[in-house]
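Reader: I'd like to learn how to read the features of a model like this one. Please show me the structure, and we can go through it step by step.

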Amino acid sequence: MSYDLGKITETLIQGKVDRLTELTQEAIDSNAEPAKILNEGLLPGMDNVGEKWKNGEMFMPEVLRCAKAMSKSMDILRPRLTEGELGSAGTLVIGTVAGDLHDIGKDLVGMMFEGAGYKVINIGIDQPNENFVNAAIEHKPDVLGMSALLTTTMPRMGEVVNSLKEAGIRDQITVMVGGAPVTEEYAQEIGADLYGANASTAVDVTREYFAKAKN
Amino acid sequence: MKTRTNYTTYQSPQFSILSEDQKERIYNGMLRTLQYTGANVHHEGARELFKKAGCKVDGVRVYFPSEVITNALATVPPVTEIFPWDGTTEKKITVEKNRSYFGPGPTPPNFIDTETLERRKYLRKDASLVARVCDALPNMGYVQSLGSISDVTNGLADVYEFADMVRNTTTPIMSWSFDKEGCRDIHRMGIAMAGSEEEFRQRPNYIFYGEPISPLVSDYHAIDKCMYCAENRIPQVYSPCAIGGGTVPATHAGQLVVALSESMVGVIASQLISPGTCVIIGGVQSILDMQYSIYSYGAPELSLLSAAHTEVVHHCGLPMYSQSGCTDTKKMDMQSAMEASLSINAAMMSGANFVHDNGYTESGLTGDVFQTVLDDELISMARVIERGVEVNEETMAVEQINNVGPGGHYLYEDHTMNWFREHWRPTLMNRSSYEDWVQQGEKTLKDRVIEKTRDLRDNYEGPRAKVPARADEEIEKILKEAEERIKKEQPAGKK
């Protein structure tokens, strides 16, 4: 008998972190394929959560709890998934640029990416430009995210893009920028690839970007 | 130890304009006015009543000694309840100090058509539309029609209005009438909805609105209807439209004295006839604009005067009929939103019992249900301020603050999960990102108000289907009889 993945979807939507971890383990123990658990259990759940958030049926604290549940479940699944099976759920390195101590925006984006199945490496606030470059070299992330809340620190994001070029890895990495004062135009100006107006659209635009790249 | 000593809490903001001494002084000003100036009462029966109670009567002028006034105030009820006709309790009104219910207003000649957005005469269909829309709006605590029907038999706009409205909302209605006959027809309908006269007395389901003429005149019909309502224990409003600099002194204190005095005539009549019957006073308090010669519904003085009047009226132990959410603007714009916001907040802070005119535009000449829909949202915002700040261990969250520490965030905290839903949620105010806003058609507040209003107009059914068949038939019968009554009253050829 195949494992009831609907239960996993439901528990994820309810944001029950511990219960979802138990169920994920239970599913693996009863020989459900890890890729199936991800694609038919977890991802439909997070899609539903995203939809509900957009429609005003769910709110940030609830969505983040679901994202946390998803992330814990992914910790169990990730080692059991092949590169291909991980699909769009890649790796994100994220941090706030030098001179900027703002935490929450980037954390939110990180949590939403975890919710989308990503492995998220949060390098913290007030990170000098070279730390972004080094983290990119070390973790080989699919996406490098930079956050700035101050108009005075925004230029650091463009400098990092240039540093990536100098290090010769710019074309191996997708650069995403965000933060309250950042706009789509600014992102283009400094040569970033992606811009999300808020945490949930950041995930959406990233997904769309990779889906397009595949085709 | 969880208890505290000599500890004061405020459950709501403490808003006040007048001191106890100032209220007392205005009250005494009213006593002096009614004693030495008196009021004209164009109703023989009422004058007889006042004379018997100890008033001096000279022609139509009645002079009220202070003991007549204090005796009347001694019998006004401290609390009255008004019930939705369908037996539910959610929309029950408790007329009691510091409880505010907002609603539209009565009788402007014009209405903003919900389709064309143009100003036109108020039509019969508008009464049920306003009733239905208000039935759906959570912050409309009672309902008035926003107009005077122009397309029914002359002299029956009042009766048709109530007949149509009461069947389209369970929110208690505040009705009006031309004369006692209309008042009686409306009351028969109220009884039909209640089930019987006895049931109406137990659970009154509407309020009647009557108006003396400022300054200090109670015309025949006003006091006649007032007396009828008292006899039948119909909760009623008896309040003037006092025009600062026009019908009352230009000084605010003078306005309060006259406005209080003219209402007091109705209070005395009602209590002499039926001690303990519910009577509400107050009315429109604003100024005459000396440049445009209009009675300003958007003036900041309206907010100030209404709030101060509320304090004086409450000081007398009476419930207050105040106003807000109205504007001098001709068509929905920034002016209407601003003027309405200010007056709604002031009315809320003052704790007036019934706050009318939410949906009045063009200085009270045009009813606009779009404005009512906008006001509904503004009222819900003002309620947030009314609720104040709860201070206790749980809400101070000192433990959670320690858990999160500097530089952290509260989004994962159970405490946040437990409390974030207390935050007010807009239904009309837009908080989306610029990108989402563009994607959703760059709608302005006006667009959203129109959309919401039309959605309610087209999709909200209201309680029409729930009206008991017996009551429905009775109402139709009353309408037919009213037509016959008018035919008799008005000789052929005269319209």
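Reader: Is A:E22 buried, partly exposed or exposed?

Author: First, the ground rules. This is a predicted model, where local features need pLDDT of at least 70, side-chain atom pairs count only at pLDDT 80 or more, and totals for chains, interfaces and linings use all residues. Residues are numbered from 1 along each chain as its sequence is written, chains are lettered from A and ligands numbered from 1 in the order written, and side-chain values use heavy atoms, without hydrogens and water. Buried means under 20% relative accessible area, exposed over 50%, and partly exposed in between (1.4 Å probe, protein chains only). A:E22 is partly exposed, at 45% relative accessibility.

Reader: Which residue forms a salt bridge with A:E22?

Author: A salt bridge puts a side-chain nitrogen of Lys or Arg within 4 Å of a carboxyl oxygen of Asp or Glu. Here the partner is A:R19, with the closest N and O atoms 2.9 Å apart. A:R19 is partly exposed too, at 35%. Both sit in helix 2 (residues 17-29) of chain A, 3 residues apart, so about one helical turn separates them. Helices (H or I, at least four residues) and strands (E, at least two) are DSSP runs, numbered from the N terminus.

Reader: How many residues apart in sequence are the parts that B:E118 and B:K331 tie together?

Author: Their closest N and O atoms are 3.3 Å apart, in a salt bridge. B:E118 lies in the loop between strand 7 and strand 8 of chain B, and B:K331 in the loop between strand 17 and helix 11, so the pair ties together parts 213 residues apart. B:E118 is partly exposed at 44%, and B:K331 at 38%.

Reader: Are B:R485 and B:D185 buried or exposed?

Author: Both are buried. They form a salt bridge at 2.7 Å. B:R485 belongs to helix 18 of chain B and B:D185 to helix 6, 300 residues apart.

Reader: How many residues of chain A are in contact with chain B?

Author: Contact means heavy atoms within 4.5 Å. By that rule, 15 residues of chain A touch 15 residues of chain B. The count between the two chains is 2 salt bridges. One of them joins A:E62 and B:R421 at 2.3 Å, N to O. Helix 4 of chain A gives the most to the side of chain A that touches chain B, with 6 residues.

Reader: What confidence does the predictor give the complex?

Author: The ipTM is 0.81 and the pTM 0.92.
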